[in-house]
Amino acid sequence: MNDQTTATMMSLLPLILIFVIFYFMLIRPQKKRDKETARMRANLEVGDEIVTVGGIIGTVVVIKDDHLIIETGSDRSKVRITRWAVQANNTPHEVATTKK
């Protein structure tokens, strides 16, 4: 290799290093959080207490494909929301453990 090729490789090294750091510090953790959120939304059950993205707290009454009907407040009003609008599930669920 000549000196020009080595100089070019050395000038690209910091750029590659920055990309690797961004991947492990930003991109990979975000993908993990997205998978956990998708799993939580897919595992919703009737009776779960949820919080929507807009801050509405309610109990799941009906689950359809992409929509949920939740019951909010003491007057038991019902609201239809999309599944992606669920931010958190406040109902504790037991995690299935498998023994090998």
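**Note on the pocket, the helix and the sheet**

1. By class, 1 nonpolar, 4 polar and 1 charged residues make up the lining of the largest pocket. The residues concerned are Arg39, Met40, Asn43, Asn89, Thr91 and His93. The space in this largest pocket comes to about 170 Å³. As background for the student, rolling a probe the size of a water molecule over the atoms shows where empty space is left.

2. The protein has a mean pLDDT of 89, and 92% of its residues reach 70 or more. Which element has the lowest mean pLDDT, and which the highest? Among the elements of the protein, the lowest value, 91, belongs to helix H1 (residues 3–42), and the highest, 96, to S1. In general, where pLDDT is low, the predicted coordinates should not be read in detail.

3. The next point concerns an annotated segment. An unreviewed UniProt entry lists residues 6–26 as "transmembrane region". In the model this span is 100% helix and 0% strand, and its end C-alpha atoms lie 30 Å apart.

4. Strands of a sheet pair, as a general rule, through backbone hydrogen bonds, either parallel or antiparallel.

5. The pairing of S1 with S2 may be examined next. Strand S1 (residues 49–52) and strand S2 (residues 57–63) run antiparallel and are joined by 3 bridges. Glu49 has Thr59 in S2 as its bridge partner, and Ile50 stands opposite Gly58 in S2. These two strands, S1 and S2, form a hairpin with 4 residues between them. In the turn of that hairpin, Gly55 has a positive phi of about 95°.

6. S2 also pairs with S3, in the antiparallel sense, over 4 bridges. How many residues lie between S2 and S3 in their hairpin? There are 3 residues between them.

7. Strand S3 (residues 67–72) pairs with strand S4 (residues 77–82) over 6 bridges in the antiparallel sense. Here Lys78 in S4 is the bridge partner of Glu71. Between S3 and S4 of this hairpin there are 4 residues, and Gly73 in the turn has a positive phi of about 70°.

Conventions
Residues numbered from 1 in each chain as written. Predicted model: local features only at pLDDT ≥ 70, side-chain atom pairs only at ≥ 80, totals over all residues. Heavy atoms only, no water. UniProt positions renumbered as here; feature names shortened; annotations may be inferred. Pairing = 2+ DSSP bridges. 1 Å grid on protein atoms, 1.4 Å probe; cavity = no way out; pocket = protein on both sides within 12 Å on 5 of 7 lines; lining within 4 Å. Points joined across faces, edges and corners; volume = space filled by probe spheres on them. Nonpolar A, V, L, I, M, F, W, Y, C, P; charged D, E, K, R; others polar. pLDDT = per-residue confidence, 0-100.
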